[in-house]
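This briefing covers one protein structure, topic by topic. Please keep the sequence and the model open while reading.

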Amino acid sequence: MNRRQFLRSLGVAATATASGAYAWRQRRSPQTPPLPAGDILGPSDAVGHRLWAMDLPEATETLKTPVVIVGGGIAGLSAGWKLQQAGFTDFVLLELEPEVGGNARSGANAITAYPWGAHYLPFPTQESRAVRELLADFGVLRGDPYAVEPVYDERAINFAPQERLYAHGVWHDGLWPQVGVRPRDLDQYRRFHDLMETFQRRRGADGRKAFAIPSDFSARDPDLLALDRLSMRDFLLQHGLDSEPLHWYVNYACRDDYGCRSDETSAWMGIHYFASRDALARDAGSDDVLTWPEGNGWLVNKLRERLAPHLITNALVWRLSELDRAVLVDAWHADENRSVRRLARIVIWAAPVFQARKVFRELSPERSAAIGAFEYAPWLVANLSLRGFPEERRGAPLSWDNVLYDSDALGYVVATHQHLAAHQDQTVFTWYHALSSGPPQQERQRLLTMPWAVWAETILRDLSRPHPDIREQVTRLDLVRWGHAMVRPRPGFVWGEARQQLLQGQDRVLFAHADLSGYSVFEEANYRGVRAAERALQSLTIPFTSSIQA
């Protein structure tokens, strides 16, 4: 949080009154327009179900490949990038979907490119060395990647206005509720902000930051780790923070980054959200981020171009077994309807952790039980193509990130916000929803079984409150369902036994997914992938310069 902007928002809130938020009459056309065209796109649950059913043919060909990377999300792509940076090229990356990128994938139409998942990257901290090196490699970071205040390509820094909140019929600058808040709410805002700043400044007994990114670099003081056994909601209440708008904001932050409510989120991880980011950038504000019309898909596209000779898509790894001198990897190639066996010296498992229990043949009972403790949040993402910008309620202007106060969803980002054109009639809104109202399995079932038309009506109804004519403006509405979008950092999990069990090293099969960090962000996925790649290079006695150690 930027303190100047935070305090300015309090000043706005102090002068605002509930009477300024009068109700607007919903404008209705004589006849409700029909739903626009649209479809459900993205990951196919049918492919994953083939793995669960083991309805797959035996291998008809055997190849020798020193390093096999399983999974083409950010972790797997980062592992391949690091291997290539070290001059090592004898590897393949197997991805079960037609496209690499995981939940950072993107799409495009005649209007613009747009994200299908992660849509921004905060300025990386000094501990996120590999991310800074990658950004420098792709020309986003200019000059010394290890500088205290690096220089970033201004075209990649989010344009103003950055974010706004719709509450009580009015759009407000920033995401802190402002209209109708009481003096006690403002006091609790300040107390909460001061508390988070204290955690941000704190150093552990080992001299490390109390909360760092990557999380492996965080201090391990007992009182800090004890926060993991508490929910973020209970942490607030223990500190006498019971303000409804404050709880809304913290709950929103937990849903937005972790896919679960504040009462289901580890307090350690909830505090981490507010206290871990201290990166600076020259000629940019500390609250600014890096983004592109396609979100983090821009970085995926760069990695895809760089690693193209090594990528094999539509390849479902269904058997992994450790032999005396190799690791056996069987993958079904959907395009050819056949399986290929690869004998590897090292396998980097960069796929979600939960898949490992079905694929690994020699998994110990302890590791199998540990994997079972990983829970995943389901997400829905929609891209709405609009023939024109919709009608606006009064208040703050259209921003890059637009959030609705009393919505179960997380709001939308404007894909054309980063365009350099002075005027544009058409646009794309990317709408996000973390399904967190009930148990993950129940919400996942709802996500997968609810028809497109029901979701489309839900989305248009949600957006019609701030935009009464949204239905008339939408020409197409497509959905992507992420059944296992991200691991859920619930109380007791982040520093619990299950995650630590999988962090213990193995010689030939290296876990490398962001799941191992207990939450899903670009920096953690990149770190896990690069870390596994460096361990592989070390085992193969390939010289390299570390990207994760100062």
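Is Ser266 buried or exposed? Ser266 is buried, since its relative accessible area is 0%. The model is a predicted one.

**Surroundings of Ser266**

- Ser266 sits in the loop that connects helix H8 (244–258) with helix H9 (267–275).
- Leaving aside residues up to four places away in sequence, Ser266 is in contact with Leu227, Asp228, Leu230 and Met232, and also with Pro489, Arg490, Pro491 and Val494.
- Of these contacts, Met232 is also among the residues with the most contacts inside the largest nonpolar core.

**The sheet**

- An open sheet is built from eight strands with mixed pairing, in the order S1-S22-S18-S21-S20-S19-S10-S11.
- Its edges are strand S1 (40–41) and strand S11 (170–173), each of which pairs on one side only.
- Strands in a sheet are held to one another by backbone hydrogen bonds, in a parallel or an antiparallel arrangement.
- S1 and S22 run parallel and are joined by two bridges; in this pairing Ile40 is opposite Leu479 of S22.
- S18 and S22 run antiparallel, with ten bridges between them; Val381 has Val480 in S22 as its bridge partner.
- Strand S20 (residues 411–414) and strand S21 (residues 427–434) are antiparallel and share four bridges; Tyr412 is opposite Trp431 of S21.
- S22 is mostly covered, as eleven of its 14 residues are buried.

**Helices across the sheet**

- H8 lies across strand S10 (163–167), strand S18 (376–386), strand S19 (401–404), S21 and strand S22 (474–487). The angle between H8 and S19 is about 125 degrees.
- Helix H14 (residues 452–464) lies across S1, S18, S19, S20, S21 and S22. H14 runs at about 100 degrees to S22.

**Nonpolar cores**

- The largest nonpolar core contains 61 residues, and Phe192, Phe199, Met232 and Phe235 have the most contacts inside it.
- Two or more residues of this core come from each of S10, helix H5 (183–201), helix H7 (232–238), H8, H9, S18, S21 and S22.
- H8 is the element that gives the most to this core, with eight residues.
- Phe199 touches Ala210, Phe211, Leu224, Leu227, Phe235, Ile271 and Ala275, residues up to four places away in sequence not being counted.

**Cysteines**

- The whole structure was searched for disulfides, and zero were found.
- Cys254 is in no disulfide; its nearest cysteine sulfur belongs to Cys260, at 6.8 Å. For Cys260, which is in no disulfide either, the nearest cysteine sulfur is that of Cys254.
- Cys254 is buried, because its relative accessible area of 2% is under 20%.
- Cys260 also counts as buried, at 0% relative accessibility.

**Aromatic pairs**

- There are 25 aromatic pairs in the structure.
- Tyr258 and Tyr519 make an edge-to-face pair, with 6.0 Å from centre to centre and 80 degrees between the planes.
- Tyr258 belongs to helix H8, and Tyr519 to the loop between strand S23 (509–511) and helix H17 (522–539), so this pair ties together parts that are 261 residues apart in sequence. Tyr258 and Tyr519 are both buried.
- Phe354 and Tyr376 have ring centres 5.0 Å apart and planes at 65 degrees, so their pair is edge-to-face.
- Phe354 is in the loop between strand S17 (346–349) and helix H11 (356–359), while Tyr376 is in strand S18, so the parts tied together here are 22 residues apart in sequence. Phe354 and Tyr376 are both buried.
- A cluster of rings linked by pairs takes in Trp176, Tyr189, Phe192, Trp248, Tyr249, Tyr252, Tyr273, Phe274 and Tyr405. Phe192 in this cluster is one of the residues with the most contacts inside the largest nonpolar core.

Key
Residues numbered from 1 in each chain as written. Predicted model: local features only at pLDDT ≥ 70, side-chain atom pairs only at ≥ 80, totals over all residues. Heavy atoms only, no water. Buried < 20%, exposed > 50% of the residue type's maximum accessible area, 1.4 Å probe, protein only. Contact = heavy atoms within 4.5 Å. Pairing = 2+ DSSP bridges. Axes fitted to C-alpha atoms, helices over the stretch in contact; angles between N-to-C directions. Core = buried A, V, L, I, M, F, W, Y, C linked by side-chain atoms within 4.5 Å. Disulfide = S-S within 2.5 Å. Phe/Tyr/Trp six-rings, centres within 6.5 Å; stacked < 30°, edge-to-face > 60°.
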